[in-house]
Amino acid sequence: MVLMKHVMSSQQLSLLSYANNCMLMASSSVYRRQQFLIRSLGGGIDHSRNMQQDLRSVEVDAESVIRSITPALDLTRHKGQAGKIAVIGGCREYTGAPYFAAISALKIGADLSHVFCTKDAAPVIKSYSPELIVHPVLEESYSVREEDKKFISSKVLAEVDKWMERFDCLVIGPGLGRDPFLLDCVSEIIRHARQTNVPIVIDGDGLFLVTNNIDLVSGYALAVLTPNVNEYKRLVEKVLSSEVNDADATQQVLSLAKKIGGVTILKKGKSDLISDGDTVKSVSIYGSPRRCGGQGDILSGSVAVFLSWARQHIKAADPNSNLSCKNPAVLGCIAGSAMMRKAASVAFSHKKRSTITGDIIEFLGKSLEDICPAT
Ligand SMILES: NC(=O)C1=CN([C@@H]2O[C@H](COP(=O)(O)OP(=O)(O)OC[C@H]3O[C@@H](n4cnc5c(N)ncnc54)[C@H](OP(=O)(O)O)[C@@H]3O)[C@@H](O)[C@H]2O)[C@@H](O)CC1
Ligand SMILES: Nc1ncnc2c1ncn2[C@@H]1O[C@H](COP(=O)(O)OP(=O)(O)OP(=O)(O)O)[C@@H](O)[C@H]1O
Ligand SMILES: [Mg+2]
């Protein structure tokens, strides 16, 4: 800059000073907008620990959310009351993802965890764990003749529908694949879940489906989308017809959630950003530098459980509840995100570079216990 000034005329210098002033004004208006967002998005559950680092989003006290919504272990409760979760996913290519999501739901504390997958994925998933209830009901195009498609599709739907009302939450997409016939059947499952008011967490290939058919979830407040960096890019391009804007990530995730009619979006990354179109919360605590595949699947299974618990907590209308946020989908995302990140950080401290998804799952229980002891 000093060097440039030497070779500039006074007219050029005054132009430069005008440009600088404009930049200052612009940055101060950005600052004011950030301050406004912080004030208007904040609530009783927030604290300002990280505001210095990221003025554009509100870091949330995730541990106190977890403590508030996790139900007490009570000898009077019967099986099922702590949550019945179903994962719709698992095909020829992917058997790990639905397993990770379903077993994580159990390790967090759900009572029952089901998997609805294709016929050839089922024996593999069953062999990973006897804890999971596995339904080999989904079909891919290669195994269905054209003339049988309508019949098979209604059969698949009937199989899932038998159970639908018993589920507290569906996780749709981990390891689902992208077969068009299978995705058509899953679209119907989503429509039925909406009709019966069953919450849905959409992840992985479920996001591929929903991004191309946004009406499936649009306006459904009990829908959570958990995009990773690629999935978020596709969603932003499709729904907002723009590029991802990392400089104004808070505003963009807010606009995206609003545009999809108030669904909750959990944008995964270095910090997780959560928005339902009204508020934006960020979860940055804990975390691990290992990016092994499958961590998003742990997250989707965990969010499903916490969302169910948050719904129960809100329905019970506990007068002592200190939660200012009343959206169970947002609360579920905050809790699921913090839990996944804590388990990953504990696993990393033990296993370092060799940490894999199974190691993280093993630390879900201890991580929850540290925050919210069982007795
Ligand atoms: N152990 C397991 O079983 C695990 C299984 N997992 C499961 O994997 C599935 C995909 O999830 P992911 O995270 O790889 O998707 P993502 O980052 O968008 O894609 C990366 C790149 O790959 C490409 N691409 C993907 N799928 C494609 C397809 N069917 N056919 C063609 N292209 C495809 C994609 O291309 P694009 O769509 O951008 O053109 C992008 O360039 C999902 O079901 C997930 O749950 C994971 O949970 C990890 C653990
Ligand atoms: N840079 C990061 N630092 C810390 N945590 C991260 C980072 N990136 C992602 N995470 C955490 O890892 C979890 C999974 O996010 P990720 O983006 O890996 O999902 P994904 O690609 O869908 O995973 P999967 O392999 O299961 O499909 C999230 O809970 C997120 O908080
Ligand atoms: Mg994923």
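Tutor: Welcome! Let's begin with a term: helices are DSSP runs of at least four residues, numbered from the N terminus. This model is a predicted one.

Student: What makes α11 stand out in the shell around ligand 2?

Tutor: α11 contributes 4 residues, the most of any element to that shell. Both α11 (295-316) and α12 (328-351) supply at least two shell residues.

Student: How many residues surround ligand 2, and which are closest?

Tutor: There are 15, and the closest are Asn228, Lys268, Asp272, Gly294 and Gly296. To count as near, a residue needs a heavy atom within 4 Å of the ligand. By class, this shell holds 2 nonpolar, 7 polar and 6 charged residues.

Student: Why is the pair between lysine 268 and ligand 2 called a polar contact?

Tutor: A polar side-chain atom of lysine 268 is 2.7 Å from an oxygen atom of ligand 2. The limit for N or O atoms is 3.5 Å, so this pair qualifies.

Student: What about arginine 291 and ligand 2?

Tutor: Here a polar side-chain atom of arginine 291 lies 3.2 Å from a nitrogen atom of the ligand. That value is within the 3.5 Å limit, so this pair is a polar contact too. As for cover, ligand 2 taken alone exposes 630 Å², and the protein buries 79% of that.

Student: Where does ligand 2 sit?

Tutor: Ligand 2 sits in the largest pocket. To say "sits in", more than half of a molecule's atoms must lie within 2 Å of the pocket's grid points.

Student: Now ligand 1: how do you know which contact arginine 234 makes with it?

Tutor: An N or O atom in the side chain of arginine 234 is 2.6 Å from an oxygen atom of ligand 1. With 3.5 Å as the limit, the pair therefore counts as a polar contact. Taken alone, ligand 1 exposes 870 Å², of which the protein buries 56%. The elements giving two or more residues to its shell are α4 and α9 (229-240), and α4 has the largest share, 3 residues.

Student: How many aromatic pairs does the structure hold?

Tutor: It holds 5 aromatic pairs.

Student: What makes the pair of tyrosine 99 and tyrosine 128 stacked, tilted or edge-to-face?

Tutor: Their ring centres are 5.1 Å apart, and the limit for pairing is 6.5 Å. The planes meet at 70°, and over 60 degrees counts as edge-to-face, so that is the name for this pair. Tyrosine 99 is in helix α4 (residues 96-108) and tyrosine 128 in helix α5 (residues 122-128), 29 residues apart, linking distant parts of the chain.

Note on methods: Residues numbered from 1 in each chain as written. Chains lettered and ligands numbered in written order. Predicted model: local features only at pLDDT ≥ 70, side-chain atom pairs only at ≥ 80, totals over all residues. Heavy atoms only, no water. Polar contact = N/O pair within 3.5 Å; in protein donor to acceptor, adjacent residues only side chain to side chain. Areas by Shrake-Rupley, 256 points an atom, 1.4 Å probe, with all protein chains shown as cover. 1 Å grid on protein atoms, 1.4 Å probe; cavity = no way out; pocket = protein on both sides within 12 Å on 5 of 7 lines; lining within 4 Å. Nonpolar A, V, L, I, M, F, W, Y, C, P; charged D, E, K, R; others polar. Phe/Tyr/Trp six-rings, centres within 6.5 Å; stacked < 30°, edge-to-face > 60°.
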